[in-house]
Amino acid sequence: MKEKFDAIVVGAGPAGNAAAYTLAKAGLSVLQIERGEYPGSKNVQGAILYSDALEKMIPDFREDAPLERHVIEQRQWVLSKDSYVGAHYRSDAFNHEPYNRYTIIRAQFDKWFSSKVREAGALVICETTVDHLIMDGEQVVGVQCDREHGDVYADVVILADGVNSVLARKAGFHGEIEAANVALAVKEILFMPEETIQERFNIGEEEGVVIEMIGSITDGMMGTGFLYTNKESLTIGVGCMLSDFKTSPNRTSPYAMLEQMKRHPSIAPLIAGGEMKEYCAHLIPEGGYRAVPKVAGNGWMIAGDSGGFVNAVHREGSNLAMTTGRVAAETYIEARAAGKPMTEATLRAYPEKLKNSFVMKDLHKYRDMPQIFHHNKQFFTTYPDLVNDAARTMLTVDGVDKKTKEKAVMSSFRKARGLPGMFGDAFKFWRAVR
Amino acid sequence: MSTATFPIVNVEEKLFQNRYRVDHGRPHIQIKDARICQSQCENKACTFVCPASCYKAEGNGAVTLITDGCLECGSCRIICTEHENVAWEYPRGGHGVLFKFG
Ligand SMILES: Cc1cc2nc3c(=O)[nH]c(=O)nc-3n(C[C@H](O)[C@H](O)[C@H](O)COP(=O)(O)OP(=O)(O)OC[C@H]3O[C@@H](n4cnc5c(N)ncnc54)[C@H](O)[C@@H]3O)c2cc1C
Ligand code: SF4
Ligand code: SF4
């Protein structure tokens, strides 16, 4: 017998879970397929959870979701090899409920989200890899899994299969990912007592700190480091563009970069004594607006990382994944109610809806960012060193008058980049973020 | 530019913390033609970019791949664009790395 569902969702990350949850809540028959032993067992994130996207589906998620700490302080660090210059923003406003951002442990969060999907009535099958899409001419009509009798059919297939987007590529919907459009990130989780974390980061119970870093830690590559506080653990990681790793003159490995970062004199005391319990790696689609492929066709839609929906500037991904997954589901629900065939013409409503949402508006706003940073590595190399040198010069009391020091700082900037270079950089930066 | 001197890191020690269910005898990633690695690929980027160090450069210029510690990131496939010499699939359902925290 041919098994047929209203919708099949591939993947149980935030995009797939949001899609399956929305479809099941609407009373449709949903099959969700996940290759991991349980939802989350293949997934990696920093991880900051932004409440808004989840709240739109599960308003009372705070009651039982596994949340670590709500973020009350954000630190931006610019590092040289032995120092940092930082801007910290801490506000008591972040201590008023409902909280806006939380640290989470991704594998646990996905498991929880998946329990909601099951409760809503979707059939969730794990330990099953989808190998191919099943086509009937131009129309996607189902998926082929790596199990016996593994062919299942549906009206629509939502591909929420993550950054590698293997299924859409095999089907010829888009080509191979470019190394310049993805970052490779590695991270570790380090366990230590709750009290130690609270003392070191100057926070109370349940309060959290986020540190984002650029500079010497990435060995000249375009990338960032991060350090997040969980309840009883810290997450530390670093990610750089895969194209930069590939062409690294020092043949720098991601794990060597991470190890070096952990030894940085500004970071080492914060993580000292932490017990490392897991080491992960994952790609992040960072090509932005211009790298988003076609995301809807005959009988298929793509949501989340698989469609490149990540705002790298603001480190937002899971919320775009949840939003695109939900909107894809809603598109199907509406088309079905209107009795429309699941053709490309119908499902094109999905990217149209995204265009009017924060997802594409934000990606559009930063559309030039990736290119500008790729071609101007000084933002990751020269400037961090200059800024740190300037701070050291100004803060060292050594009998030299401040005016002379200022001159020395200005001249170090001019020497390194030249006046036109500096103005050019300021302009490029402004154009990228405006 | 500050060029850091990078520490020698034994990534196996890191991977040792992870849980895996290895699909014995059925590696999910394969080098298509070992001769291409040996004779045509100068950079051999996979040998230092792979975050699990699954690719190893041998003394004679050959590259060997053992996928047991693979973190399933996809990097090796994407960086091998000049030669397209990596046949890359996900492991069979339920196999491969198993993140407790992610
Ligand atoms: C180091 C790091 C830090 C990050 N930090 C943040 C952050 O702080 N905040 C934030 O919002 N975002 C962050 N992101 C981005 C965020 O993690 C992603 O955008 C988000 O996970 C995308 O969700 P997704 O559901 O599209 O994909 P995924 O979470 O990758 O889920 C895809 C799912 O599909 C399954 N799958 C894939 N192929 C198949 C197949 N063929 N058959 C069956 N199942 C399949 C996978 O096993 C997986 O469960 C970070 C990412 C990384 C790597
Ligand atoms: S990059 Fe490709 S061709 Fe080169 S050594 Fe690695 S697998 Fe072989
Ligand atoms: S997928 Fe990632 S971890 Fe696995 S072999 Fe390739 S580069 Fe290494």
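I sort residues this way: Ala, Val, Leu, Ile, Met, Phe, Trp, Tyr, Cys and Pro count as nonpolar, Asp, Glu, Lys and Arg as charged, and the others, Gly among them, as polar.

I am working on a predicted model, where local features need pLDDT of at least 70, side-chain atom pairs count only at pLDDT 80 or more, and totals for chains, interfaces and linings use all residues. Residues are numbered from 1 along each chain, chains are lettered from A and ligands numbered from 1 as written, and side-chain values use heavy atoms, without hydrogens and water.

**Ligand 2**

I looked up what surrounds ligand 2 (a heavy atom within 4 Å). The shell holds Cys37(B), Cys41(B), Lys44(B), Cys46(B), Val63(B), Cys80(B), His83(B), Asn85(B) and Val86(B). I sorted the shell into six nonpolar, two polar and one charged.

**Chain A against chain B**

I then turned to the two chains. I find 63 residues of chain A in contact (heavy atoms within 4.5 Å) with 49 of chain B. The buried area is about 4700 Å²; this is the accessible area (1.4 Å probe) lost on putting the two parts together, summed over both. Carbon and sulfur atoms give 54% of the buried area.

How many salt bridges cross the interface of chain A and chain B? The rule (a side-chain nitrogen of Lys or Arg within 4 Å of a carboxyl oxygen of Asp or Glu) finds nine. I checked one: Arg77(B) meets Glu176(A) at 2.8 Å, N to O.

I also looked at which parts of chain A take part. Strand β15(A) (strands are DSSP E runs of at least two residues) gives the most to the side touching chain B, with eight residues. That side divides into 23 nonpolar, 17 polar and 23 charged residues.

Terms used:
Helix = DSSP H or I, 4+ residues; strand = E, 2+ residues; numbered from the N terminus.
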